[in-house]
Amino acid sequence: MSRLCDMLDVQDLTTKSDVGSIEGTSWSLSSAKTGHGVMQLMSEDLDTLWQSDGSQPHMVNIHFPRRTPVTHVSIYLDCHRDDSYTPTKILVKAGSHPYDLVDVRYREFLEPQGWFHFVLAPQADMEAEEFEASPGSAQATQALHPIDIFVLQICILGNHLNGKDTHIRCIKIFGPPGPSAFSLRHSKSMEAPLFTERLVQQGMKTEAFRRQVERVGYERAVAQLQRIMKQNSHKALESTSSSSSSSTAQRSLMTLSQTLR
């Protein structure tokens with residue numbers, strides 16, 4: 001089950017699922033400038049954005065193909081770049097039909113910068129989600145309980161400096177972790193020792209390793225090599241791309257040379 005602290009890393013899908021992108025889900029906007037619509041809003045490129053083109057309130061509507069458990073909504077706001085286009089009053093509604101939506105979570109911001117989160121299930125003490133989810137908070141490990149819905153609506157009720165139109169750079173809709181999240185965690189735990197061993201085998205062929213054997217002996221040099229490569233293998237497995245893993249392997253060997261020189 002997801003916890004409050006799991007909200008903070010929007011890229012980590014081992015603790016939650018991205019229900020906003022499941023097959024059959026449809027997104028629509030109350031208005032949009034050409035080239036600044038749904039595609040840009042769902043993109044992970046934070047240099048792109050949705051820009052509204054109409055009167056307030058501005059709305060994002062998400063329709064799920066079936067009743068879907070949703071734990072929280074994460075929204076990226078950038079007051080530094082968007083100035084008066086930045087939302088400062090946001091209301092999230094949810095329901096089973098566009099005509100029976102109820103208010104679920106309302107938040108106000110002052111010059112917001114970064115990811116902001118909206119917990120959908122009622123909380124006993126609804127402080128700012130970012131505060132409650134921080135490592136030092138007593139609520140950080142509190143479970144995130146989902147609500148089952150067909151329709152989600154995000155309403156922009158006000159902007160910084162009373163701006164008219166709005167900019168949002170990314171919205172993500174999350175639910176509880178599914179079977180794929182378990183498979184991802186399991187596969188990474190299985191891959192890590194194998195990847196570490198491969199890095200160790202590569203490292204033992206380097207001149208830096210041979211010099212270290214002459215200095216401290218074979219067994220100690222191997223132990224040092226294993227420690228260095230284990231640290232770097234975990235960094236590589238944070239990404240699923242083979243090119244990233246390959247570049248991390250090269251960096252690991254460079255680290256070895258620098259550490260054992």
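Predicted model: local features only at pLDDT ≥ 70, side-chain atom pairs only at ≥ 80, totals over all residues.
Residues are numbered from 1 along each chain as its sequence is written, and side-chain values use heavy atoms, with hydrogens and water left out.

The protein chain contains 7 helices and 11 strands, where helices (H or I, at least four residues) and strands (E, at least two) are DSSP runs numbered from the N terminus. Of its 261 residues, 44% are buried, a term that stands for under 20% relative accessible area, whereas exposed stands for over 50% and partly exposed for values in between (1.4 Å probe, protein chains only). Among contacts in the protein chain with a separation of 6 or more, 73% are accounted for by residues 24 or more positions apart, a contact being heavy atoms within 4.5 Å.

A salt bridge is taken as a side-chain nitrogen of Lys or Arg within 4 Å of a carboxyl oxygen of Asp or Glu, and by this rule the count comes to 9 salt bridges. One of them joins the side chains of Arg3 and Asp6 at 3.2 Å, N to O; Asp6 is buried, with a relative accessible area of 10%, while Arg3 is partly exposed at 35%. Another links Arg81 with Asp78, whose closest N and O atoms are 2.7 Å apart, and here Arg81 counts as partly exposed at 45% relative accessibility, whereas Asp78 counts as buried at 4%.

A further salt bridge is formed by the side chains of Arg107 and Glu129 (3.2 Å, N to O). Arg107 lies in strand 7 (residues 102-108) and Glu129 in helix 3 (residues 129-133), so this pair ties together parts that are 22 residues apart in sequence. Both partners are buried, Arg107 with a relative accessible area of 8% and Glu129 at 0% relative accessibility. Through salt bridges that share partners, Arg105, Arg107, Glu129 and Glu130 are joined into one network. Arg105 lies in strand 7 and counts as buried at 11% relative accessibility; its side chain makes a polar contact with the side chain of Glu129 at 2.8 Å, a polar contact being a pair of N or O atoms within 3.5 Å, of which, within protein, one must be able to donate a hydrogen and the other to accept it, with residues adjacent in sequence counting only if both atoms are side-chain atoms.

In the loop between helix 3 and strand 9 (147-159) lies Thr141, which counts as exposed at 57% relative accessibility. The C-alpha atoms of Thr141 and Ser2 are separated by 8.8 Å, although these residues are 139 residues apart along the chain.

In helix 5 (residues 207-216), the buried residues are Ala208, Phe209 and Gln212. Seen down the axis of helix 5, these buried residues fall within an arc of 95°, so they line one face of the helix; the arc is that of the directions from the helix axis to the C-beta atoms. Just after helix 5, Gly217 takes a positive phi of about 95°.
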